[in-house]
Amino acid sequence: MASFDDIAGDFAFLDEWDERYKYLIDLGRNLEPYPEELRDEAHKVRGCASQVWLHAARDNGAITLKGDSDAHIVKGLVALLIALYSGKTPEAVLAVDPQEALAPFDLEGHLTPQRSNGLHSMIQRIRQFAREAA
């Protein structure tokens, strides 16, 4: 998977939002398959209009994330958050200002209110795991 900085660079290069949506969808398509046994209530993210699952684990002190959604653009947002947070220590995850990190993407201006709420719910879920793991 591409790094968050590479994704941000690619995204900035695209002029039209149709192209940016397609890019997000491609990011989601490139996620590793999400394990069926983790598609349960414990991994479901509340506050999302579509179905979203996130799994976080610790690996050598770093948080590793897996995720999936039944909606293409939302799955791309999952991939974006995985690129932003996965592989960081819990302290580093908590040090990320999500609004600042995601500002260059201008998602708030181009996502429906439901998708924006879902994005915030996913971020809160990841940050909650980091707080518990810290």
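**The core and its helices**

The largest nonpolar core has 41 residues, and those touching the most other members are Leu81, Tyr85, Leu102, Leu107, Leu119 and Met122. At least two residues of this core come from each of helix H1 (4–13), helix H2 (17–29), strand E1 (52–59), strand E2 (62–69), helix H3 (72–85), helix H5 (98–102) and helix H6 (113–133). H3 gives the largest share, 11 residues. Please keep in mind that this is a predicted model.

Let us begin with H3. Of its 14 residues, 12 are buried, so H3 is largely enclosed by the rest of the structure. The buried ones are Ile73, Val74, Gly76, Leu77, Val78, Ala79, Leu80, Leu81, Ile82, Ala83, Leu84 and Tyr85. After H3 comes Gly87, which has a positive phi, near 95 degrees.

Next comes H6. Buried in H6 are Ser116, Gly118, Leu119, Ser121, Met122, Ile123, Ile126, Arg127, Ala130 and Ala133. These buried residues pack against E1, E2, H3, helix H4 (90–95) and H5.

How do H3 and H6 meet? Two packed helices are described by the angle between their axes and the distance between the axes. For H3 and H6, the angle is about 35 degrees and the axes are 11 Å apart. Their crossing is right-handed. On the H3 side, Ile73, Val74, Leu77, Val78, Leu81 and Tyr85 take part, and they meet Arg115, Leu119, Met122, Ile123 and Ile126 in H6.

Now to H2, which brings H1 into the picture. H2 has 13 residues and reaches 18 Å from its first C-alpha to its last, close to the expected 18 Å at 1.5 Å a residue. Its buried residues are Trp17, Arg20, Tyr23, Leu24, Ile25, Leu27 and Gly28, and they pack against H1 and H3.

The axes of H1 and H2 come within 9 Å and cross at roughly 155 degrees. The two helices are therefore roughly antiparallel to each other, since an angle over 145 degrees counts as such. The crossing of H1 and H2 is right-handed. Here Asp6, Ile7, Asp10, Phe11 and Ala12 in H1 meet Trp17, Arg20, Tyr23, Leu24 and Leu27 in H2.

Finally, a look at Tyr23, a residue of helix H2. Is Tyr23 buried or exposed? Tyr23 has a relative accessible area of 16%, and because buried means under 20%, Tyr23 counts as buried. Leaving aside neighbours within four places in sequence, Tyr23 is in contact with Asp6, Ile7, Asp10, Phe11 and Leu14. Ile73 lies 50 residues from Tyr23 along the chain, and their C-alpha atoms are separated by 9.2 Å. That brings us back to H3, where Ile73 is one of the buried residues.

Technical notes: Residues are numbered from 1 along each chain as its sequence is written. This is a predicted model: local features need pLDDT of at least 70, side-chain atom pairs count only at pLDDT 80 or more; totals for chains, interfaces and linings use all residues. Side-chain values use heavy atoms; hydrogens and water are left out. A nonpolar core is a set of buried Ala, Val, Leu, Ile, Met, Phe, Trp, Tyr and Cys residues joined through side-chain atoms within 4.5 Å. Buried means under 20% relative accessible area, exposed over 50%, partly exposed in between (1.4 Å probe, protein chains only). Helices (H or I, at least four residues) and strands (E, at least two) are DSSP runs, numbered from the N terminus. The expected span of a helix is 1.5 Å times one less than its number of residues. Contact means heavy atoms within 4.5 Å. Axes are lines fitted to C-alpha atoms, for helices over the stretch in contact, and angles run from 0 to 180 degrees between N-to-C directions. Angles under 35 degrees count as roughly parallel, over 145 as roughly antiparallel, 65 to 115 as roughly perpendicular and the rest as oblique. A crossing is left-handed if the near helix is turned anticlockwise from the far one by less than a right angle, and right-handed if clockwise.
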